[in-house]
Number of protein chains: 4
Amino acid sequence: MNTDLDSTIQQMAQQLQAWRRDFHQYAESGWFEFRTATLVTEELHQLGYQLQLGKEVVKADARMGLPTEEKLAEQEKRAIEQGALTQWLPHFSGGFTGIVATLDTGRPGPTLAFRVDMDALDLNEEHSCQHRPHNEGFASCNSHMMHACGHDGHTAIGLGLARILKQYEAKLSGRIKVIFQPAEEGTRGAKSMMEAGVVDDVDFFVAIHIGTGVPKGEVVCGSKNFLATTKFDVTYQGVAAHSGAKPEDGKNALIAAAHATLGLYGIPRHSEGSSRINVGVLQAGIGRNVIPDTALLKVETRGETNEINKFVYEKAMHIIEGAAKMQDVAFDIKLMGAAQSSHPSNQWVDFIYDLTKKQLPELTSIVKNRYQAAGSEDATYFMERVKERGGQATYMIFGTDLSAGHHNERFDFDENVMITAVKTLSTIALHLPEFGAKNG
Amino acid sequence: MNTDLDSTIQQMAQQLQAWRRDFHQYAESGWFEFRTATLVTEELHQLGYQLQLGKEVVKADARMGLPTEEKLAEQEKRAIEQGALTQWLPHFSGGFTGIVATLDTGRPGPTLAFRVDMDALDLNEEHSCQHRPHNEGFASCNSHMMHACGHDGHTAIGLGLARILKQYEAKLSGRIKVIFQPAEEGTRGAKSMMEAGVVDDVDFFVAIHIGTGVPKGEVVCGSKNFLATTKFDVTYQGVAAHSGAKPEDGKNALIAAAHATLGLYGIPRHSEGSSRINVGVLQAGIGRNVIPDTALLKVETRGETNEINKFVYEKAMHIIEGAAKMQDVAFDIKLMGAAQSSHPSNQWVDFIYDLTKKQLPELTSIVKNRYQAAGSEDATYFMERVKERGGQATYMIFGTDLSAGHHNERFDFDENVMITAVKTLSTIALHLPEFGAKNG
Amino acid sequence: MNTDLDSTIQQMAQQLQAWRRDFHQYAESGWFEFRTATLVTEELHQLGYQLQLGKEVVKADARMGLPTEEKLAEQEKRAIEQGALTQWLPHFSGGFTGIVATLDTGRPGPTLAFRVDMDALDLNEEHSCQHRPHNEGFASCNSHMMHACGHDGHTAIGLGLARILKQYEAKLSGRIKVIFQPAEEGTRGAKSMMEAGVVDDVDFFVAIHIGTGVPKGEVVCGSKNFLATTKFDVTYQGVAAHSGAKPEDGKNALIAAAHATLGLYGIPRHSEGSSRINVGVLQAGIGRNVIPDTALLKVETRGETNEINKFVYEKAMHIIEGAAKMQDVAFDIKLMGAAQSSHPSNQWVDFIYDLTKKQLPELTSIVKNRYQAAGSEDATYFMERVKERGGQATYMIFGTDLSAGHHNERFDFDENVMITAVKTLSTIALHLPEFGAKNG
Amino acid sequence: MNTDLDSTIQQMAQQLQAWRRDFHQYAESGWFEFRTATLVTEELHQLGYQLQLGKEVVKADARMGLPTEEKLAEQEKRAIEQGALTQWLPHFSGGFTGIVATLDTGRPGPTLAFRVDMDALDLNEEHSCQHRPHNEGFASCNSHMMHACGHDGHTAIGLGLARILKQYEAKLSGRIKVIFQPAEEGTRGAKSMMEAGVVDDVDFFVAIHIGTGVPKGEVVCGSKNFLATTKFDVTYQGVAAHSGAKPEDGKNALIAAAHATLGLYGIPRHSEGSSRINVGVLQAGIGRNVIPDTALLKVETRGETNEINKFVYEKAMHIIEGAAKMQDVAFDIKLMGAAQSSHPSNQWVDFIYDLTKKQLPELTSIVKNRYQAAGSEDATYFMERVKERGGQATYMIFGTDLSAGHHNERFDFDENVMITAVKTLSTIALHLPEFGAKNG
């Protein structure tokens with residue numbers, strides 16, 4: 001263990017906690033990370049990183065599940081009131097809340113990238129004495145926005161890592177990028193950064209998450225089994241009519257939605273692997289005595305492979321269109337999020353496994369590969385892109401104690417995990433040449 | 001009362017019974033009336049009527065619900081074995097089993113038409129001691145074909161009427177047509193005769209039925225409220241696949257049919273009058289472990305007016321097509337029958353009412369107009385056509401005792417009703433000039 | 001025409017308009033008529049009427065579609081801020097906003113009752129230059145509450161009528177009641193007043209409405225054809241689960257709701273008369289990636305007779321329960337409103353017809369009976385009760401020009417109709433002895 | 001290789017073919033194997049086996065998917081006409097067509113059992129020049145019954161094996177059972193023999209199949225991944241009514257079936273493994289204009305584990321019952337077949353693998369374990385039972401060329417596979433002591 005690195009990071013503990021709690025208190029949901037992004041930018045700027053901001057790293061029309069302009073403007077105003085730095089804000093205005101910070105050592109070597117995410121969930125945080133953020137005064141002050149998945153910690157880890165890398169710059173070679181992504185919840189943001197080309201030059205890639213059921217003291221080098229997913233909203237538009245006086249004049253959007261719902265859940269299983277379909281939300285109609293003329297469905301498909309997800313998605317398209325036809329109503333489908341199926345690169349995982357075994361003896365357990373419960377992650381867009389272009393990629397998990405499950409209004413985590421993460425990721429950066437050497 | 005006419009008809013009682021029982025015993029379902037049609041033709045020929053047969057009076061492509069050529073050929077063979085007259089058979093071969101017999105008096109006057117139907121139902125007749133046709137040896141000897149609606153009686157009435165009219169020709173004027181229609185059950189045959197023009201020259205028209213809940217001794221001059229109807233078969237054609245090994249390869253016709261079924265029953269009410277929808281039969285799939293690749297639905301729509309029936313039918317078309325689209329299966333719709341909404345002509349009904357009141361004192365009750373339970377009749381095609389061209393039309397009912405409801409396997413009726421019918425219809429023909437005089 | 005009465009009422013025009021516009025501006029939806037009820041009460045009190053208020057005339061557990069206590073309290077507070085009279089408010093507190101005002105002449109004679117309603121609709125009023133209430137400053141200042149059906153006019157008519165009757169008390173005999181009913185929209189209020197017995201002593205009853213498509217200058221003496229209706233909310237409660245990780249743990253309330261929806265629309269037609277079914281609103285689920293654990297359906301059934309409505313309702317109960325069973329979810333049904341089928345009493349309508357013909361020559365048209373488009377009205381509860389106890393009842397309509405259809409956000413009416421209504425109803429009260437004489 | 005055994009079996013080739021072709025020609029579907037069973041019995045009797053027949057080895061009420069008594073009687077009559085041996089027939093009468101033949105060597109040793117099945121499929125065999133069975137005169141002469149899965153070969157292999165074992169009795173020890181099972185198609189028969197206790201004393205168990213996509217010359221020692229399955233028929237019984245005249249009198253079984261269908265296909269995926277659901281057949285209704293009063297659904301559930309299959313089955317029960325409730329119709333569920341999930345015993349598979357490698361060098365390929373496409377097999381009942389009681393079990397596949405896929409009307413196979421199978425199974429029996437020695 002590099003004892004110097006160790007003590008440097010230990011001294012950063014207070015700072016990590018301060019960052020995390022600040023982000024937690026001013027939680028901002030996807031595409032609304034205006035305050036967070038300006039503070040992150042200022043810190044990276046102070047450290048001396050090369051910065052690419054907003055539209056440089058977020059492709060406008062590849063963003064998914066973007067809120068309305070009204071809501072974006074309203075949240076930008078809210079962010080200013082909560083201390084967003086107005087010198088940086090124009091870069092992020094309109095929902096372009098992505099940042100890429102680059103450290104170019106000037107020395108030859110591969111490009112290594114780390115990705116963290118910054119967004120909160122659309123959830124009201126618990127305000128009760130059983131909940132530490134409330135007791136210690138850093139619970140979210142933003143209604144219906146809460147860091148209940150740990151991305152506040154991820155952002156703090158990204159900043160801590162950036163600070164360490166800058167301090168140890170002399171020992172590094174090649175180029176290192178730290179990617180701060182917006183809107184991971186709902187798998188809406190990564191695609192837009194990937195399409196902007198931010199990992200096109202990356203040789204080695206690491207995305208991270210804390211918690212997810214991994215015990216405190218354990219690190220997972222390669223998390224497997226992310227399901228490919230497509231998330232979309234369906235709207236049906238019919239014609240209203242008085243249900244007593246003129247039922248024949250209506251075109252019933254709710255009946256279309258009911259057929260679509262039953263049809264979607266009835267999409268067949270695929271013999272080659274797992275699939276999923278869900279209609280999570282249905283809202284239709286305006287009054288008891290009016291033939292319902294509108295319906296909104298929030299749908300998602302998943303598949304163990306991209307092909308299986310595509311199979312489910314294509315079946316869904318037929319069903320949705322057919323149900324519209326049945327009731328002679330118009331329909332519209334709006335893509336709201338997507339992620340891919342992706343597996344970590346074996347050699348890269350092996351290297352990280354061996355390295356952490358050797359360099360981080362304080363870890364109680366190091367796991368090479370772990371099968372996730374069937375969830376989705378849009379870091380898979382970065383991973384697949386890196387691998388397509390010949391690089392190697394993985395997804396790491398840092399175990400920690402949780403006060404409640406992810407996405408629960410009482411979620412909180414043991415903040416020591418941030419130190420572990422910064423240490424592990426710094427160690428990977430410092431030892432990367434050994435991998436190059438081995439695999440050269 | 002014309003006592004001469006009265007006794008003439010009374011003497012015909014045995015003959016009417018003999019005809020009816022012969023048709024009953026050799027019951028022939030719609031488009032299969034080969035034996036019946038040849039015997040009717042021979043009788044009319046002997047009487048000296050001008051005859052138009054088969055394709056002259058049945059428009060080929062306006063026939064609905066036609067059986068396959070194989071079945072037609074098979075039934076024609078069966079008919080020959082049962083005594084069909086082969087000199088007349090070529091006219092009717094291939095499902096053209098309609099006849100129009102015309103008596104032209106040579107004297108000026110309007111054209112009057114009577115319509116009777118000849119087909120049996122697809123039903124096995126009861127063979128038990130409680131059932132008179134069985135006991136007296138005239139129950140149907142044809143499997144799955146039974147005169148359970150009284151058309152055997154209608155055909156006999158038509159022949160009896162033709163004989164009387166011929167006898168009283170000297171007292172008649174103008175032209176009289178007696179129309180023997182095939183395939184009334186399922187409302188499949190009238191349209192093809194109407195489209196062949198058989199009532200285009202008709203000034204006054206009477207269609208008849210016996211029974212239908214009207215008490216013995218009562219005559220209804222104008223039966224109202226026939227529902228317009230469209231009857232059609234829907235087939236869905238998908239792709240079979242092993243439900244265990246490759247469920248994803250199937251295109252499920254049964255799911256399409258289930259959506260169609262629920263969608264069809266959900267067609268909205270119409271505020272301007274009664275409507276009906278029924279999916280009477282659904283047959284789908286070939287084996288428990290095969291994704292069902294075929295489905296057949298037998299559907300009918302009805303409406304208090306032709307417009308309401310059209311409204312329901314057009315809604316149904318959307319639903320059926322949309323359900324196919326949902327499962328990406330092919331579909332086909334085959335028209336199997338249709339009838340219109342039609343109301344008797346008021347003046348014509350008034351004339352018949354007054355006439356029967358005066359001339360047929362033996363009737364226990366004469367009803368001017370009666371609202372039918374919501375059924376359908378394809379004589380409405382003739383009625384609407386006659387009225388469109390300036391003529392007048394009605395639908396009469398002759399009450400009688402029934403041993404069981406229409407379409408029941410124990411159906412039978414009191415044969416005296418045939419005498420009443422022949423007498424009433426003959427009286428109308430003989431007194432028609434009085435109406436012309438009154439309404440000229 | 002009573003010229004004295006005529007000029008008295010003409011002088012009241014300004015007052016009627018003032019009342020109506022005040023109620024319009026402070027529109028209050030059903031069970032929230034706190035301000036309206038206190039102002040009405042004060043006026044009637046000043047006139048010297050015997051008053052029965054709140055729980056005396058509204059049976060607590062017969063109220064339907066009652067808002068939550070929180071909302072009632074919130075609206076009561078709002079009413080106070082808008083000038084509700086706190087001396088009367090305790091009577092109406094908690095949603096008991098009904099009033100019965102009685103004028104007992106002390107002279108023998110029958111009891112005559114008039115019923116008006118006071119509630120607004122849950123609708124945002126149009127604020128534009130095309131809309132007179134906006135231009136002239138009396139558009140609703142209450143969000144999501146608007147008098148878009150004319151009940152503001154009905155309340156003003158009730159007050160104007162009360163004032164006239166008091167003025168002409170010496171010419172009246174028997175007892176006269178004016179009933180001010182809450183919550184007619186959604187047919188929620190009448191049953192609770194009927195069950196409190198407010199029409200149990202009534203011999204002659206008149207409920208009124210303005211507009212409804214009747215032309216200006218026309219009065220309808222007996223409006224027919226109200227459909228019986230039952231309005232209810234269905235909630236399904238299942239179990240949420242992550243749709244990716246543990247779909248098998250969910251119990252899907254949305255699937256239950258989709259089956260219920262299709263099942264409800266598929267309830268068969270009834271051969272004996274019109275029926276209706278509508279699922280006007282469906283709201284289900286909490287998030288795209290969560291198996292939906294809740295669903296709410298707002299449903300209504302209707303029938304041309306109470307029996308047909310009951311038939312549809314009972315079919316609906318089976319469907320709703322079965323759909324819950326299919327998905328193993330809990331369900332709850334909450335009655336939200338109801339009305340009956342009712343027809344005006346013939347003799348009573350004849351009397352009013354003859355009387356208005358004679359006494360109100362300025363009316364351009366007087367219609368004895370008119371068939372309504374298929375709507376519902378809970379005044380039918382009063383009508384049926386009066387008729388059950390041997391009295392006679394009718395429902396009158398006063399025609400007027402409308403700026404837009406009822407329930408439209410641009411609804412407004414020609415206020416002169418209020419004069420016509422007050423005059424007609426006063427005339428009925430003044431001439432009632434003539435009817436007694438005729439029918440005694 | 002035991003050259004003596006080899007040449008003995010080669011000489012049996014004609015006999016194997018003769019047996020197979022005879023069974024093929026007189027194909028008998030499940031529970032109808034009357035002729036087959038009597039011929040098999042006679043052969044085993046001639047060889048001197050101890051025999052247990054019919055009710056001794058088939059538990060009456062554990063039989064699934066049993067035809068009606070009428071059909072059983074009809075088929076028994078047909079079997080007699082086709083040469084069934086009447087001395088043995090009484091044992092099998094009524095659908096008890098199972099046989100267990102035991103060879104007790106009198107020497108100590110474990111009990112080894114082989115299981116073959118005897119039933120044909122409900123399929124019409126192709127009669128064309130492209131189809132060898134037709135050309136060479138052994139195509140099925142029984143309508144709607146065809147050996148399209150190879151059970152004719154299995155039965156011949158069972159007889160050939162029995163003959164060899166008897167010839168080599170002196171070299172064997174312990175006890176050997178050959179089980180001839182009825183009704184494997186639809187997984188209907190094994191449970192009844194298992195429950196009769198026929199494998200309760202078995203230490204080592206081998207079930208076999210030919211073909212299934214395994215290439216000619218290849219043998220699979222352990223076929224994995226059979227899905228647990230439950231097969232059942234659902235009937236709904238409602239009330240018929242005339243769809244035009246009295247739609248309100250019906251209770252619609254077809255609507256119930258449509259809801260059940262959509263509900264069943266919508267049963268959620270299980271996160272712990274594969275599942276399947278299929279509604280293979282739906283037959284409902286009697287006529288276009290009749291509210292359908294009956295519906296039959298043929299359903300099957302499957303699961304990668306018994307627990308997952310149970311999960312799907314239990315969800316199905318709720319759906320079926322709830323759909324009945326929705327339409328107020330009666331329902332009935334009849335178990336028609338079932339199989340379990342089962343995996344081969346590892347040590348037993350290893351032994352067979354090593355043995356065949358050594359003793360059968362002529363095989364082109366020997367595969368230890370192979371994952372099957374997702375099908376089901378009721379030999380799993382025997383396998384699970386043997387393993388529960390401490391024994392070891394496997395399922396072997398003998399590759400061969402097929403003229404068309406299993407269950408296809410042109411199915412045929414290269415008959416040499418029967419020699420391979422007899423040789424392999426004989427070899428296992430002769431070398432079993434080596435396994436006992438190794439694992440003792």
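So, helix α3 of chain C, residues 34–47: it lies across β1, β2 and β4 of that chain, and α3 runs at about 10° to β2(C), which covers 99–104. Keep in mind that this is a predicted model. There's another helix to look at here, α7, residues 151–167 of chain C. That one lies across β2, β3, β4 and β5, and its direction is about 150° to β3(C).

Okay, what are these helices lying on? In what order do the eight strands of the open sheet in chain C come? Reading across, you get β1-β2-β4-β3-β5-β12-β6-β11, with mixed pairing. At the edges stand β1, residues 50–53, and β11, residues 365–371; each has a single partner strand, so one side of each has no neighbour in the sheet. On average, neighbouring strands are turned by 20° against each other, if you ignore direction.

Let me zoom in on one pairing. Strand β3, residues 111–117, and strand β4, residues 175–181, both in chain C, pair in the parallel sense, and there are seven bridges between them.

Now over to chain A, and helix α12, residues 379–388. How many of its ten residues are buried? Seven are, so to speak, under cover, and the helix counts as mostly covered. They are A379(A), T380(A), Y381(A), F382(A), M383(A), E384(A) and V386(A). Notice that E384(A) is in that buried list. And what do the buried residues of α12(A) pack against? Quite a list: the strands β3, β4, β5, β10 and β12 of chain A, plus helix α8, residues 190–195. After α12(A) comes G390(A), with a positive phi near 95°.

On to aromatics. Over all chains, the count is 36 aromatic pairs. One of them is F411(C) with F413(C): the centres are 6.3 Å apart with 50° between the planes, and the pair is tilted. Both partners are inside: F411(C) is buried at a relative accessible area of 0%, and F413(C) is buried at 3%.

Compare that with a pair in chain D. F232(D) and Y313(D) have ring centres 5.3 Å apart and planes at 90°, and because an angle over 60 counts as edge-to-face, that's what this pair is. The pair also links distant parts of the chain: F232(D) is in strand β7, residues 228–237, Y313(D) is in helix α10, residues 306–327, and they are 81 residues apart. Buried or exposed? For F232(D), it's buried, at 0% relative accessibility. Y313(D) comes out as partly exposed, at 23%.

Back in chain A, ring pairs join F204(A), W348(A), F351(A) and F435(A) into a cluster. Where does F435(A) sit? You'll find F435(A) in helix α13, residues 417–439, and it's buried, with a relative accessible area of 1%. The C-alpha atoms of F435(A) and G174(A) are separated by 13 Å, while the two residues are 261 apart along the chain.

Two charges over rings, quickly. R20(A) lies over the face of F413(A), 4.1 Å from the ring centre. In chain D, K166(D) lies over the face of Y49(D), at 5.9 Å from the ring centre.

Last bit, the copies. Chain C can be laid on chain A with an RMSD of 0.1 Å, using a turn of 180° and a shift of 0.0 Å along the axis. So those two copies are related as by a two-fold rotation axis. The same surface serves both, with 100% of the contact residues of chain C recurring in chain A.

And chain C on chain B? That takes a turn of 179° and a shift of 0.1 Å along the axis, with an RMSD of 0.1 Å. Which residue of chain C comes closest to the rotation axis? G266(C) does, at 2.1 Å by its C-alpha. Here too the same surface serves both copies: 100% of the contact residues of chain C recur in chain B.

Note on methods:
Residues numbered from 1 in each chain as written. Chains lettered and ligands numbered in written order. Predicted model: local features only at pLDDT ≥ 70, side-chain atom pairs only at ≥ 80, totals over all residues. Heavy atoms only, no water. Pairing = 2+ DSSP bridges. Helix = DSSP H or I, 4+ residues; strand = E, 2+ residues; numbered from the N terminus. Axes fitted to C-alpha atoms, helices over the stretch in contact; angles between N-to-C directions. Contact = heavy atoms within 4.5 Å. Least-squares fit on C-alpha atoms with pLDDT ≥ 70 in both. Phe/Tyr/Trp six-rings, centres within 6.5 Å; stacked < 30°, edge-to-face > 60°. Buried < 20%, exposed > 50% of the residue type's maximum accessible area, 1.4 Å probe, protein only. Lys NZ or Arg CZ within 6 Å of the ring centre and 35° of its normal.
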